[in-house]
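Open the model in your viewer and keep the selection panel at hand. The tour goes stop by stop.

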Amino acid sequence: MKLYNRLTSFLILIVLALVLVGWVSSDITSNRRSEKNITVLLKFKAQPEKGERAVSEFVKLLDKVKKEPHFVAIKLHVDPEDNTNILLYETWEDQAYYTTEHMNTTHLQAFMEDSKNFLTGPPDVSFWKVENVFKK
């Protein structure tokens with residue numbers, strides 16, 4: 001009976017170890033994949049009294065953008081002190097796609113043309129790569 005209990009305990013430990021190894025390796029793989037993504041920061045300035053319209057137009061645009069290939073995520077930020085300051089925090093799998101095909105989509109081209117009615121000009125754009133990831 002003692003041998004049976006030890007064998008059972010040993011098997012349980014092996015199963016737990018395999019589960020833990022699988023969990024850790026999948027987490028490492030997903031982190032490596034996300035570290036290859038490119039982050040794009042776009043700072044916009046809306047025309048006076050047109051901050052709400054600009055945000056509304058961005059929401060419509062982003063509903064289309066999120067369906068594109070290589071899209072990962074976009075966060076739309078608005079300055080709580082001045083709603084004419086708008087920041088997009090975008091994550092894409094492929095910078096080459098972003099700078100070519102994405103920029104030439106019909107929905108983005110139409111937005112850029114229409115944005116003359118509510119933005120002060122083109123955004124300040126910068127590209128970033130992940131150097132380190134820190135998690136709680």
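**Stop 1: two loops**

Select Glu 49, in the loop between E1 and H2. This is a predicted model. Check the backbone: Glu 49 is not a glycine, yet its phi is positive, about 70°. Glu 49 counts as exposed because its relative accessibility is 81%, and the cut-off for exposed is over 50%.

Next, select His 70, in the loop between H2 and strand E2 (71-78). His 70 also carries a positive phi, near 70°, in a residue other than glycine. Is His 70 buried, partly exposed or exposed? With a relative accessible area of 30%, His 70 is partly exposed.

**Stop 2: a helix pair**

Show helix H2 (residues 51-65) and helix H4 (residues 106-114). Their axes lie 10 Å apart, and the helices pack at an angle of about 170°. H2 is therefore roughly antiparallel to H4. On the H2 side, pick Arg 53, Glu 57, Phe 58, Leu 61, Lys 64 and Val 65. On the H4 side, pick His 107, Leu 108, Phe 111 and Asp 114. Color the contact by type: five residues are nonpolar, one is polar and four are charged.

**Stop 3: the core**

Now go to the largest nonpolar core, with 19 residues. Which of them touch the most other members? Select Phe 44, Phe 58, Trp 92 and Leu 119. Strand E1 (38-45), H2, strand E3 (85-92), helix H3 (95-99) and H4 each supply at least two core residues. H2 gives the largest share, five residues.

End on Trp 92. Leaving out residues up to four places away in sequence, its contacts include Val 65, His 70, Tyr 97 and His 102.

Definitions and conventions: Residues are numbered from 1 along each chain as its sequence is written. This is a predicted model: local features need pLDDT of at least 70, side-chain atom pairs count only at pLDDT 80 or more; totals for chains, interfaces and linings use all residues. Side-chain values use heavy atoms; hydrogens and water are left out. Axes are lines fitted to C-alpha atoms, for helices over the stretch in contact, and angles run from 0 to 180 degrees between N-to-C directions. Helices (H or I, at least four residues) and strands (E, at least two) are DSSP runs, numbered from the N terminus. Angles under 35 degrees count as roughly parallel, over 145 as roughly antiparallel, 65 to 115 as roughly perpendicular and the rest as oblique. Contact means heavy atoms within 4.5 Å. Ala, Val, Leu, Ile, Met, Phe, Trp, Tyr, Cys and Pro count as nonpolar, Asp, Glu, Lys and Arg as charged, and the others, Gly among them, as polar. A nonpolar core is a set of buried Ala, Val, Leu, Ile, Met, Phe, Trp, Tyr and Cys residues joined through side-chain atoms within 4.5 Å. Buried means under 20% relative accessible area, exposed over 50%, partly exposed in between (1.4 Å probe, protein chains only).
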